[in-house]
Structure formats: structure tokens, C-alpha cells
Amino acid sequence: MIRELLFGFLLIHSSLAKHGYLSRENKPPRRARLQVIPGPGPGPGPGKKWLTLNGGEPLVIAQGGFPGLFPDSSGTGYTAAIAMSVPGTLKYCNLQLTKDNLGICLPDIKLDNCTDAATKFPKQQRKYNINGRDVDGWFPLDLTIDEIMKEISLLQNIYSRASVFDFVYPPLQPDSVFGIEPKGKLWLNVQNDAFWSAHQLSAVRYIDDSKEFFVADYISSPEIGFLKAVGTSKTFDKIKTKLVFKFSTPDSVEPTYKETYGALVKKLAMIKTFASGILVPKDYIWPVGKDGYLQPATTLVADAHREGLTVYALGFASDVFASYNYSYDPAVEYLHFVDNSKFSVDGVVTEFPGSASNAIACLAQNPNLSPKVANALVISHNGASIDYPGCTDLAYKKAINDGADIIDCNVQMTKDGVAFCLESADLLGKTNAAMAFMDRSTTIPGIQPKSGVFTFDVTWTEIKSVNPLIQNPFQSAGLSRNPKSKNAGKFLTLPEFLELAKKNATTGILIGIQHAAYLASKKGLDIITSINNALKNAKLDSKHQILIQSDDTSVLAKFKSSSPNYRRVLLFSKPISSAPKPVTDNIKKYADAVNVVKKSIVQESKIFFSTGSTKIVEEMHAANISVYVSGFSTETLSMMLDFYSDPYTELISFMAEGIDGVITDNPKTASAFMRSPCVDPKSTAPFVFNPIKPGDYLAQVEPTVLPPAAAPLPPLQVADVVDPPLPPVDASARKENGDGGSGDGGGKSGQRRLGVDVVMMSLMLFGLVYVIGC
């Protein structure tokens, strides 16, 4: 219900803006009188025991509302934060002061970092000394509250995030944030009190004067002098408001005591004399080394708890790299802070409160392999390929341990007829074969448009001589996967893969078949017979699910006649938008399921928001065809913006479309999702997963800022689905290609590429000799 309220709020806001009710000509509303402050939210769920100071559930504190999507400190952002979070979530306001000593919630003391003040007030640029640094920009102390509220709009202050909601929302005062339903639950952070005081402004006086309109549950500051002044104020209520000392970076200097925060962290007993808790950057608790991996946790939480201080961790953002240990799953990071056997922080300050709520309410203290709540299959993509090189023994073993229902093997053939697992026939990008087999590089348009070193041109012994290479699909954006294990593991032959699956009675297999016609006619390799023989010899238990996947209906037809108990999966590697009944009738002749990419289910705009759903699931289900969806991962760039950079939100949204399985690089995340009690829509728990309806967010964007819509994909035709019969295996082709030639028919493309690569290799060797000689 609360999510519907959020979108209702968005629609109302759009309507008000359209009709001029939010015009800057209108004065800001007068502040509402203080009403009842609700009590604390529900405690820990049934059977949950926490290692927090008071044994209660860790708090979720929404920093600036939901700046992961909306501009920081916007009303819509705060409303979204409450809608997607656990009951009792706190609204975090960074307090700034205006010329008339009134408060405003903004993420930065510089207005030009988060608003359009530079455009609206071009003559108000100033330079101030703040904490020993000269800072140029536009500042709230040079403007009155009326000027800010009437003229200025909020902007997204993180440039890598969506800017489509810029210039839409006005800033808010703390009493307005306090008044957002549910009323209360306000955390007020005062970052620069010494600066305000130097300019005859007073945060203490503002807080005292505002008691009639709001009372903060928490007040934090990195300045000891300010916290002591607030704590000794005549109007301060120690029962209603808790004071929290906020730590800056260890080498920064605290303005009052003139000591570094690194030194003050060792004086917790002194801090306890004026504060009830501490707010620290998360690296104070779990340091991250220069290599991007976690170092051992410090004892700060235990030390602070021993002094009676609560501990809140700061700096969580799902779209910012944290550590390779988390495999880009934001929930895993939160669990390190709230669900380990030694300590739990008392709260987390986050820019993505939904992710924190999921970790605390749904995943903490939930056994890794508890019974599944959702029935969709979790199918690995090259094993746990987010952690290890794909299709290696380590990737498959981790996928099994992480709870995958199905592990996958795309079968490739070597020159000497060995069937083994690799995502595609091209060794480049998946191994370090570029130098080892440069002379084998060729171009085969029927396989792929670019040149490559193909498995059917090298022997199994040669393949075993190269190292696997972890794939990094988002490396161009700086997102690399587990570099310590980038060459770990070994490739498995198909019999070895089947033996691994056989040891795990609950794990099924998916066998992918590519380029069967080419292998038969051009290379003399019978991939279908090789797979059938391997499956027969493996003698898998009848409990094992066996899926055979191909983009070629003739391949699936072979298995339909020879192995009717196997489930056949037709692969669509490119997006499709619709499948009319004649098409699904033909698919059903060959396949029991389809594997489609995510954009075939939820379509995406050019600005990375979803535009709506297709009817693919409905059309396939009408023909009794299951729908598996590929392309799931946990890197933020793998998701549309609607899903909050949160893989669990993405999964529940696709599950709401009725899909039957997910194919993922990170089976651990998908398995945890399927086993989470929050997946159950009938749950009466205070927090459950709620799907995002595709297109809802895009509908709130002003049409004038949208790029032209992409042309719709044409519907599938029968000719797009049904393939010609497979050619017979040409044994003579294998003999002809015994020298490792390209096998591309005329051979000119391969010969030309070979000549170029030999020249390049000679040049590289010459350069190496020259360097050594120097």
C-alpha cells in the first residue's frame, strides 16, 4: 500500500506543477505545528537475536531520503525511502543554515553541488574558509529561506546517477521532513557549526527555536563543542533526543579539541560524557585494503559497546564499489556489519535504504540453504562466474554450494574431438590464449563477426596449457571481478562436469549446444553424439533435471526423439517483443522452455529506465512453454535504474512477470532471494519484497527531457524459429582440417588473418628482444 502512496505522491506532484501550484511565485507554506511523535518501530523478528547494544534490530537511516534515484533531500526521495524500507526507518537531514538563521536540508554546504543556485543567483558566488580550506561556490548563508524555497531546485549531486528528476523538487526544511508520514523519525546532522558560528549564525539557537515544530530523534555532529552546547541547552530533552558524535576521516582534525579523529577514536570513555553514540565511516569497522579486499574487522564496535555507546556506520551506497568480497551484492555488505558472530552495529546510514532493509529484515540470520519460498529455478551462467573464471571447476563448485538448482555447461569441441565446457567456441577473452595461439586466429562469419581463436582448431592438451580468465563485462566502467582469482580453476571436460553434478543429487544440469551444423559439415565433429554418449556413461540419477539448450530447433528435435525425458530449451540470444500463437505452436514442437534476455520481458528506454512489460511470458505460458531469463548479475550496471541498483528488487520485479527461472552470474544472490521469507506475498511480516511495475518511474519524467523512443521490435515469425535439418557429419572435413586450418570453406579469410598475425608476432618478438637488449 505504501508503494502506491509513493506513486500517488509523484502523480500529485506532477499535477500540481502542471497547474502552477508549485510555481516559484507562491510563497513557501508556513511550518506546521508539532504533532504526536510515534514510538519506535517493531523490534527484531521472531527468533532473531542481535548483537547490538540493546539487543534490538539495527536501525535503517535514510541519508537524504533516497539519493540513489532522486535528488538528495527531496520530498519524493524521503517518501520513497519510507515506502521501500522497514518500519521505523529514520529520515536523515544534513542541516544547513540560511542568512536568516533558518534550517534547510541539503547534502552539501555548497549549493552549486546539489541545486541550481549558480544559475538562479549568478552574482552570489563567494569564497569562504571552511575547516582550514578556502572553498569557492554558492552558500546558503548568503540567501534567505524565502529566496531558497522560491527560486532554487534540487539537482542530483552524483553525476553517475539519473538526472531526469533534476529541476523538479524544491529543498525542504527539517520540519517538512519531520512531517513526512510517518511523522517524526528524524536524524539531524550538523556538519559545520564552527563555520556558522563564525558568521553569526547558530545551529543551537535554530534547534531551540524549532522545538514547537519538530524534535529530532538523533542529532549528530563532528564537532564536540556543538554537541556539548546542545546537550546543555535548557530546552534539550535527553529522553527524546540522542546525541551522536560523528567521525570524519582519521587524519582530519576535530575543531574543538584540535585532535585528529584517529586519535579521538581511542577516547571512547571521554566521548561517552557528551554523546550516547558514535557515527563512523564504515572503514573504521571493516577496513578495505588498497587491493579492494576486506581486512580483518577492528574492535571498534565491541569497544564502543563496552563503554555503553551505540555505533552507527556511514557510507553505504549500492551503486558504489565497496569490496570484492561482496561480489557486488549490497546485502552481503550490510550483513558483514549486522550479522556476524562477533558484533552488530546499531544502525546503518545509507543512500539505498531498501537494500539495507532487505539485508536486516529478510536475509540476516536466515540459513543459507533454507527451503525455497519462490519456485523459480536458479540456473548458473558459467557457474558462479562473478567470483571465478567461467566454466571452471571452482565456478561450478561455488554455484553448487551457493544453492544453484541447475549448473550449466555450454559444450565446445576441440580439434581432437574432446567435449568440454566453455561459454563460446572463441578462446579469446575467456583464457590467456591470445599469445599462445596467435597463429590460429581466424574469422568465421558463421560463428561470430570478429576474429577469434576457436576451440575446434586446437587440441585439448593445448587448451589445458592456457589459463582461464575471469570475464569482466563492465570493466570499461571500472567494475572488475575478483582479481585475486582472475586465473583460478581449471576447465572441465563434459564427463568431468557430469561427474561433479552427479555428486550433488539436488543439482540439475543444463547442456548448451552451439554451432552443431558447422561442426558437422566443416569440422567433421559430431557434438550431439558426444553429448549423448557422455550423458549415457554418466548414469545420472533420475532425480537430476537435465536441460538441453540450443538456438537450433533441429538440435532440439534430435534430443526429442532420442531422449524424451530431457527438457529442451530454445535459446533467443537477442531481445524479442512478442510471439504470436503460430510461433509458440511451432516452438512447442521442439522445446519445453525458452531462454530469453531480460529486455524480452521488461523493455528498456535509452535513459536506462524500464518502459513497460512485454507479453512474452503470457504468450509462452499459453502454449505451456516455460520462460527462463538470462542476463542477471549483481553489478549495478547490469540493472535498469528502476531497480535501485538492488539485485533483489530486480529479481522480485521479474518474478512478478511470471518467469520460471533466472540465469545468473551470481547464484548465491538469486538463491538467497528465493529462500527469503520476504518473498512470500502472503507474509504478514512488517517488511516484504515489493516489485516495481515496469514503466512507472519513466511515467514521472517530464516528456521534454526524454530522448526519442526506440523503434519497437517486430514480432517473431515462424521463419525466425524453425531451422533447416542438420547436415550429416562429414568425416573427410576432419581430415582436411587436421592441420588446424580455418575450415571456413574457401579459407581465404583465415589465411589472410594468419599472415597478419604472423607478422604481428614477429614484430612483438623483435620488440621484446630489443627491450631485453637494452
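**First stop: two crossing helices**

Select α19 and α20: their crossing is right-handed, meaning that the near helix is turned clockwise from the far one by less than a right angle. Helices here are DSSP runs of H or I with at least four residues, strands are E runs of at least two, and both are numbered from the N terminus. A word on the model: it is predicted, so local features need pLDDT of at least 70, side-chain atom pairs count only at pLDDT 80 or more, and totals for chains, interfaces and linings use all residues. Residues are numbered from 1 along each chain as its sequence is written, and side-chain values use heavy atoms, with hydrogens and water left out.

Helix α19 covers residues 527–538 and α20 covers residues 553–562; they pack at an angle of about 35°, axes 11 Å apart. Axes are lines fitted to C-alpha atoms, for helices over the stretch in contact, and angles run from 0 to 180 degrees between N-to-C directions. Show side chains for Ile528, Ile531 and Asn532 in α19, which meet Val555, Lys558, Phe559 and Ser562 in α20; contact means heavy atoms within 4.5 Å. By class, the contact of α19 with α20 has four nonpolar, two polar and one charged. (Ala, Val, Leu, Ile, Met, Phe, Trp, Tyr, Cys and Pro count as nonpolar, Asp, Glu, Lys and Arg as charged, and the others, Gly among them, as polar.)

**Next: α23 and α24**

Now pick residues 647–655 (α23) and 667–674 (α24), which pack at about 60° with their axes 10 Å apart. That makes α23 oblique to α24; angles under 35 degrees count as roughly parallel, over 145 as roughly antiparallel, 65 to 115 as roughly perpendicular and the rest as oblique. The contact is made by Pro647, Tyr648, Leu651, Ile652 and Met655 of α23 with Thr669, Ala670, Ala672, Phe673 and Met674 of α24. This contact of α23 with α24 has nine nonpolar residues, one polar and no charged ones.

**Aromatics**

The whole structure holds 36 aromatic pairs. Rings of Phe, Tyr and Trp (its six-membered ring) pair if their centres lie within 6.5 Å; planes under 30 degrees apart count as stacked, over 60 as edge-to-face and the rest as tilted. Phenylalanine 632 lies in strand β21 (residues 626–632) and phenylalanine 654 in helix α23, so the pair ties together parts that are 22 residues apart in sequence. Both phenylalanine 632 and phenylalanine 654 are buried, that is, under 20% relative accessible area, with exposed over 50% and partly exposed in between (1.4 Å probe, protein chains only).

Then select Phe66, Phe70, Phe165, Tyr169, Phe352, Phe609, Tyr644 and Tyr697, which form one aromatic cluster.

Which helix has 10 of its 10 residues buried? Go to α2 (residues 75–84): 10 of the 10 are buried, so this helix is largely enclosed by the rest of the structure.

Serine 73, in the loop between β1 (59–63) and α2, has a positive phi of about 75° although it is not a glycine. Serine 73 counts as buried, at 1% relative accessibility. Glutamine 200 also has a positive phi, near 60°, but counts as exposed at 65% relative accessibility.

Last, the peptide bond from glutamate 181 to proline 182 is cis, with omega near -10°. Look for proline 182 in the loop between α5 (174–179) and β6 (186–190).
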